[in-house]
Amino acid sequence: MRGALGLLALLAAAVFAFWGDLVSTVLDPKVPFQMYNPPPQPDYALASAWHLRPASVSTRQADIFFVAPTTYDGGRNWNARIDHPAAAAQFREVIAPNYVGPFVGVGRVFAPRYRQASLYSLTTLREDAREARQFAYADVRRAFRHYLARDNGGRPFYIVGVEQGGTLAMRLLSEEFVNDPLLETRLVAAYLIETIVPAENPPLLPCVERREAGCLAAWASVREGDFEASAHVLDRALVWNAQGELVNLSPRPAMCFNPLLGAVSDLPAPARLHLGAANATGLEWGARPAFMMRKVSAQCRNGVLVVSRPRSVDLQQRGSWADRRKVPGFNLFYADLDADSKARLAAWNARQQGQQ
């Protein structure tokens, strides 16, 4: 009996240790990307090609172009179709309330659906996976150009990208603004959340104070004490080169913006500066979540934002293996981003008045 129990315990431990590998194998499309038949291309003239798009006239001065993070796990496809039900539900229930929510106070939201690369493609450095992300970028670029041509009307705007969406938005900033200096003058700020951006030659100048507009705020976070996570984030980080290819960041340093300071800075930010985290998962769209103030401290160290561990159970990542590899169902810097985006719009307006 004891031998059988010991064997079961050993098997359980083995399954636990290799569970990630097992799940990853299941999510592998098992077909080379070059032989892959992708889902149909979205038509951005249709409302169905957008997660969020204003349905009526808004009094908001600015716009938000939001590029969503990974919500599709994978399996048969390298890239998700835009109407994948589980991926769409996760955007609606988790991503919109937690990551779009902080910006609705400053602008109308345009959040395109795109044929995102699967979660599996973000867990491997295979060339197929890089091609899947390059493929996803083409949709984001078309959506952005459609927004500029049909909806922007000369308004100031923000670009916000999260995780995979942040990496795609990074390339958007590099390619779409280089030949259009007038476009850059309308950019209030770019926020690339949970995104590694090279500190050398970034697509925009970094935000170094809150009284600044037209700048870039980018960071990837790890929890205090998780020393392996910092090295892992940087070692596996992929960034775009001049040819539009994803290449390893290493050994170059990464940019790190601290949301508590509103600046790219290595200075420590104590918890007393924390304006508020929120767990908005499941809230009705447009509902204001309750803020949990002074819950975390943060400091940029070696290009990664190291954040103290919040004690609240509402700010702990839970769920399946796949869920824990996506952005969490809460936003530690919800109120901080809300305040930061408003401060940058005020700075943009002040700059416009000064140029008149």
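A: Two strands pair if DSSP finds at least two bridges between them. Strands (E, at least two residues) and helices (H or I, at least four) are DSSP runs, numbered from the N terminus. This is a predicted model, in which local features need pLDDT of at least 70 and side-chain atom pairs count only at pLDDT 80 or more, while totals for chains, interfaces and linings use all residues. Residues are numbered from 1 along each chain as its sequence is written, and side-chain values use heavy atoms, without hydrogens and water.

Q: What makes β12 and β13 a pair?
A: Four bridges join β12 to β13 (residues 304-307), in the antiparallel sense. Q299 stands opposite V306 in β13.

Q: Why do β7 and β12 stand at the edges?
A: The open sheet has the order β7-β13-β12. β7 (221-223) and β12 (298-301) each have a single partner strand, so one side of each lacks a neighbour in the sheet.

Q: Why is the pair of F65 and F144 edge-to-face?
A: Rings of Phe, Tyr and Trp (its six-membered ring) pair if their centres lie within 6.5 Å; planes under 30 degrees apart count as stacked, over 60 as edge-to-face and the rest as tilted. The centres of F65 and F144 are 5.1 Å apart and their planes stand at 70 degrees, so the pair is edge-to-face.

Q: Why does F291 count as partly exposed?
A: Buried means under 20% relative accessible area, exposed over 50%, and partly exposed in between (1.4 Å probe, protein chains only). F291 has 31% relative accessibility and therefore counts as partly exposed. Y334, with 2%, is buried.
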